[in-house]
Amino acid sequence: MKFWLTLLCLVAVVLATEEQMDDIFVEEKAQPIEPLAPLPFTEYTTPTPRKYYFFDAFDSTNSWTYTKSPEYRGRFTIDHAGESSGIPGDHFLIAREKHTRYAMYKQFDEPIVVTEDKALVVQFEFRMEDRVTCSGGYLKLLTGATGLESFDGSHPYSIMFGPDVCGGNNRLHFIFTTKNPFTGELVEHHKTAAVGVLLKPTTQLYTLIVKGNSYQILVDNELSAGGSIIDEFTPSPATCPDINDVKPDDYPAEVIMEPMPEDWSVEEDGDFEGSMIPNPDYPGPWTPRLIKVDRKIHIEHPIDAVSFEILVNDEGIMWNNLLITDDIDAARDFAEETFGVRKVYEDKWLEVERQRQQEIMEANQNNIPQAVSTPIYKNIPVMAVILVILLLVISLVRGNRMQNESISIEEDDTTGVDKVPSDEEETAETTEEEPKEELEEEEPEEKPLEEEIDAAVEEPTVEEPVVEEPVVEEPVVQEPVVEEPAVEEPVVEEPVVVEEPEPEPEVEQVQEAEEVEEVVVKTTRRRNNRRRRVS
């Protein structure tokens, strides 16, 4: 009963102090940061470049035509790019379907003719909403107006320009074609040194400028690559294969028959059947010799249409403000009015977002309650309560043990039956001092114990004369037996036989008396030890 009352008291104390402990920890919690409001910005209207062959701000796709080729089932959408896109009210051309091929084109009212004294500028904004794994973002300038309704990747083009992101092979494509003057076939010319693509969450501006035999690639209005289209592309557009060149008959083959060993004998070993092995003298595939081409324009033209023919494996590939012109200054000014404004907004957004993420991270770290930072004087009441609880628990445990031991001792006294001591109790009893006579005198009421002690004491006193009797009888009995028959041997053997069994009961009685004494001493020690533990 006492145990349950004490337990109820402890529960009441804990509940009373719970509110105080919560207050201590609440003081250490930091309030979560509120989301930052979007930066203010005035309404925006897309400007129009002062000169262009083609321009589209992608407010709609009505002027574009999707190919009828069945493998291209993707459909573009026109939408805002989100809070971080920069300009409210502005729209992007967006490819949102994953693992999908897209193909659509816009045919020009008049074909674009590339001349030696005029530049050709292709410029557009590009954005990746999510992390890109493998998706194309380039466009193609198509040549040949026939067959556009069902155009695909095999349709002839003049220029392919734009980012192509796929795994670690991220590059900004610039590929152009020329026509072989002898065969009329189109030949692709790839830039020898690739231009990398920077993956970032903001909009990027890509600009290609081709004039005569030189080119420039700008990223965010900054020069990224440039040089000669004759020297930096493979194969060089200044040469072409000679169609009159013929492969020689003695041109080394790629594989040859294994030569017969010198020690081979046809008569003895039979016909030699060697296997085909690589030819160490093989110079590579035969190609016709190259001859110089005398032409001023190395880019195939006229250009009849612009198109998107891409594979998208990620969601949120976006384009905006596509411009094709021959005026470099007009393209630069238009970029300042569109991408320049967007870049200012996006840079501010990035700065605010970084600051916001940093504050959120710090707030999350501070949200973890830490009692160490609480002043120690505030924790004194809590520490005192915990100490009192520990003392009460210890006292309860000790009281219960003492009560159980007293009950077991009373049961032993009433029944008069001692429990068999354990090994630990026996070792402890052997190291105890001898019990004092004072403790025995203080408890005269234990009659069974006194009777056992008296019986144990009386028994050895009775046994002592029994042990001495044979000592007295021996001379009395032996003398007449020896004197009367001096010759007869059986007379001497009889007393020996009679005398030997007589001391045996005396020795057994002595051993039993000693065992009784040991039992009495051990019992007395155990009882005295129990009385001491109880006291």
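**Notebook: strand pairing and aromatic contacts**

I looked up strand S11 and found that S11 and strand S15 (residues 233-234) pair in the antiparallel sense over two bridges. I took strands as DSSP runs of E with at least two residues, numbered from the N terminus, and counted two strands as paired if DSSP finds at least two bridges between them. In S15, Phe233 is the residue opposite Lys191.

The model is predicted: local features need pLDDT of at least 70, side-chain atom pairs count only at pLDDT 80 or more, and totals for chains, interfaces and linings use all residues. Residues are numbered from 1 along each chain as its sequence is written, and side-chain values use heavy atoms, with hydrogens and water left out.

I then looked at strand S10 (residues 171-179), which pairs with S11 (residues 186-191) in the antiparallel sense over five bridges. Thr178 stands opposite Val187 of S11. The two strands, S10 and S11, form a hairpin with six residues between them. In the turn, Gly184 has a positive phi of about 80 degrees.

Next I looked up ring contacts. Rings of Phe, Tyr and Trp (its six-membered ring) pair if their centres lie within 6.5 Å; planes under 30 degrees apart count as stacked, over 60 as edge-to-face and the rest as tilted. By this rule I have 22 aromatic pairs. Among them is the tilted pair of Trp64 and Phe308, at 5.6 Å centre to centre and 40 degrees between the planes. Trp64 lies in the loop between strand S1 (54-56) and strand S2 (65-66), and Phe308 in strand S20 (residues 303-312), 244 residues apart. Trp64 and Phe308 are both buried (under 20% relative accessible area, 1.4 Å probe, protein chains only).

Methods: Helices (H or I, at least four residues) and strands (E, at least two) are DSSP runs, numbered from the N terminus. Buried means under 20% relative accessible area, exposed over 50%, partly exposed in between (1.4 Å probe, protein chains only).
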